Amino acid sequence: MALEGRKQAVSIRLSAADVRNLRRLSRRLGVRNSDVIRYAIKTTLSRLGALCEGDLRGRDLVPVLLDSGADLVRYLDLDVGSLEAIVNEGASPELQVDRADLHLLALDGTQQPYARLRLVRMGGTRTAEESPPAIEAMADGVPQGQSLRRYFFDKYVFDSRRTEVPQPRQSGGQS
């Protein structure tokens, strides 16, 4: 039972270039190689903490996807299918993130010019009464990452059609 509090050694394989950079960084910071590795692990676990929460699924994971999704796709070689399973598995249909949006996120991690084109195309399919944040952001010169962020937040976090926003109570007119 005391194993939980004990530290354990873990073996990892790194390329020669990564080892060189690790040593350079360690020397520059004046710390041990293992300190830099622990820092990287703790930073990653902190950034991806929402994925450790078993009850967070679907659109509840949008913030972590926007912060780390492109890196997950790029460095862990995730495809759209695996990303969809990670995000939507067990989520009710109204909480799921659209596969097309996950594909957009995957493209952002690997092929940003295509992601930009797809984002503009997807933003252009909204109805006239809805704001097209992706297109507005592109026109305003906002970098792609911010456009993607705005698109996802508008669609999954701030979309009043998907979530009920409590309306303020009207006063009874009494003074």
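Reader: Is leucine 14 buried, partly exposed or exposed?
Author: This is a predicted model, and in it leucine 14 counts as partly exposed because its relative accessibility is 42%. Leucine 14 sits in the segment before α1, the helix of residues 16-29.

Reader: Which residues form a nonpolar patch on the surface with it?
Author: Leu14 forms that patch with Val10 and Ile12. Together the three have about 300 Å² of accessible area.

Reader: And α1 itself, how many residues does it have?
Author: Helix α1 has 14 residues. From first C-alpha to last it reaches 20 Å, close to the 20 Å expected at 1.5 Å a residue. Just after α1 comes glycine 30, with a positive phi of about 70°.

Reader: Which residue has a positive phi although it is not a glycine?
Author: Aspartate 77 does, at about 55°. Most residues other than glycine have a negative phi. Aspartate 77 lies in the loop between α4 (62-76) and α5 (80-88), and it counts as exposed because its relative accessibility is 68%.

Reader: Let me step back. How many helices and strands are there in the chain?
Author: The chain has 9 helices and 0 strands. Buried residues account for 28% of its 175 residues.

Reader: What does valine 97 touch?
Author: Leaving aside residues up to four places away in sequence, the residues that valine 97 touches include Val62, Val87, Leu102 and Phe152. Arg59 and Asn88 are also among them.

Reader: On to charges. How many salt bridges does a search of the whole structure find?
Author: It finds 7. One of them joins aspartate 101 and lysine 155, at 2.8 Å from N to O. This pair links distant parts of the chain, with aspartate 101 in helix α6 and lysine 155 in helix α9, 54 residues apart.

Reader: Why do these two count as buried?
Author: Buried means under 20% relative accessible area. Aspartate 101 is at 0%, so it counts as buried, and lysine 155 counts as buried because it is at 15%.

Reader: Which salt bridge does arginine 99 form?
Author: Its partner is glutamate 84, and their closest N and O atoms are 2.4 Å apart. Arginine 99 is in helix α6 and glutamate 84 in helix α5, 15 residues apart. Arginine 99 is partly exposed at 45% relative accessibility, and glutamate 84 is partly exposed at 23%.

Reader: What about aspartate 35 and arginine 38, how far apart are their closest N and O atoms?
Author: Those atoms of the salt bridge are 2.7 Å apart. The two residues are separated by about one helical turn because they lie 3 residues apart in helix α2 (residues 33-47). Aspartate 35 is partly exposed, with a relative accessible area of 25%, and arginine 38 is partly exposed at 36%.

Technical notes: Residues are numbered from 1 along each chain as its sequence is written. This is a predicted model: local features need pLDDT of at least 70, side-chain atom pairs count only at pLDDT 80 or more; totals for chains, interfaces and linings use all residues. Side-chain values use heavy atoms; hydrogens and water are left out. Patches are made of residues with over 30% relative accessible area and no salt bridge: like charges are joined within 9 Å, nonpolar side chains (Val, Leu, Ile, Met, Phe, Trp, Tyr) within 5 Å. Accessible areas come from the Shrake-Rupley method with a 1.4 Å probe; for residues, only the protein chains shown count as cover. A salt bridge is a side-chain nitrogen of Lys or Arg within 4 Å of a carboxyl oxygen of Asp or Glu. Helices (H or I, at least four residues) and strands (E, at least two) are DSSP runs, numbered from the N terminus. Buried means under 20% relative accessible area, exposed over 50%, partly exposed in between (1.4 Å probe, protein chains only). The expected span of a helix is 1.5 Å times one less than its number of residues. Contact means heavy atoms within 4.5 Å.
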